[in-house]
Amino acid sequence: YAKIAKDPSIISWMVGVSAIVSTLATFLIGTWSDRAGRRKPFIAVGYICWGVFTIVFGGTEFLPKEPLIVAIVFIVAADAVMSFFGSTGYDAAYNPWTTDISSERNRGKLGGAFAAMPVLATIFGAVVSGMIVDAFDFFPFFILMGGIVTVTGVFSLFVLQDHPGLKARKSSHG
């Protein structure tokens, strides 16, 4: 909006397309990770690619503005790819991993902590992100956020372990 065109329909398209892509990714990749009996590779690859494509999305501000429709298509597509990998790493793999490693005794506490995350993210987004953008502009902000997410994915390669009871499942037909 601030860098390409002051047209709210671009935001509407981004939100709509990304919602569809995120939902499909969560169902498809989540099912794949269930059947594979592994979460770690989906988390790691999802987060690493999510971070990289967050940086790529930030770079869309440098696209030529004419013809505007081409810039809009690239922006919406970049947001959709970023959302696909975010849903792959977080929704389809990390959230089920937390269920895998929790027990009936602590699952409610863990669920409560995750329920608070959107509120904390909104506060962070409104305050800290605004300060970063004001101080450095949008592209450095996307580099910083994408870098943090990518490092998290790389870190997960070394420290995260799948639950030992998680096993690959064969599909059952009929």
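A: Happy to! Leaving aside neighbours within four places in sequence, Thr60 touches Ile4, Ile75 and Ala78, where contact means heavy atoms within 4.5 Å. Please keep in mind that this is a predicted model, in which local features need pLDDT of at least 70 and side-chain atom pairs count only at pLDDT 80 or more, while totals for chains, interfaces and linings use all residues. Residues are numbered from 1 along each chain as its sequence is written, and side-chain values use heavy atoms, with hydrogens and water left out.

Thr60 sits in the loop between α2 and α3. With a relative accessible area of 11%, Thr60 is buried; buried means under 20%, exposed over 50% and partly exposed in between, using a 1.4 Å probe and protein chains only. The loop between α2 and α3 also holds Pro67, and a cis peptide bond, with omega of about -5 degrees, joins Glu66 to Pro67.

Helices here are DSSP runs (H or I, at least four residues), as strands are (E, at least two), numbered from the N terminus. The axes of α2 and α3 come within 8 Å of each other and cross at roughly 155 degrees. That makes the pair roughly antiparallel. Axes are lines fitted to C-alpha atoms, for helices over the stretch in contact, and angles run from 0 to 180 degrees between N-to-C directions. Under 35 degrees counts as roughly parallel, over 145 as roughly antiparallel, 65 to 115 as roughly perpendicular, and the rest as oblique. The crossing of α2 and α3 is left-handed, that is, the near helix is turned anticlockwise from the far one by less than a right angle, whereas clockwise would be right-handed. By class, the contact of α2 with α3 has 16 nonpolar, five polar and one charged residues. Nonpolar covers Ala, Val, Leu, Ile, Met, Phe, Trp, Tyr, Cys and Pro, charged covers Asp, Glu, Lys and Arg, and the others, Gly among them, are polar.

Helix α2 (residues 40-59) also packs with α5, at an angle of about 165 degrees and with the axes 8 Å apart. α2 and α5 are therefore roughly antiparallel. Their contact divides into 14 nonpolar, ten polar and one charged residues, and α2 passes α5 in a left-handed crossing. At 39% relative accessibility, Ile143 is partly exposed.

Asp137 has a positive phi of about 90 degrees although it is not a glycine, and at 31% relative accessibility Asp137 counts as partly exposed. In α4, Phe114, Ser129, Ile132 and Val133 are buried, and their cover includes α3 (68-101) and α5 (138-159).

Stepping back to the setting, the protein chain comes to five helices and zero strands. Buried residues make up 34% of its 174 residues.
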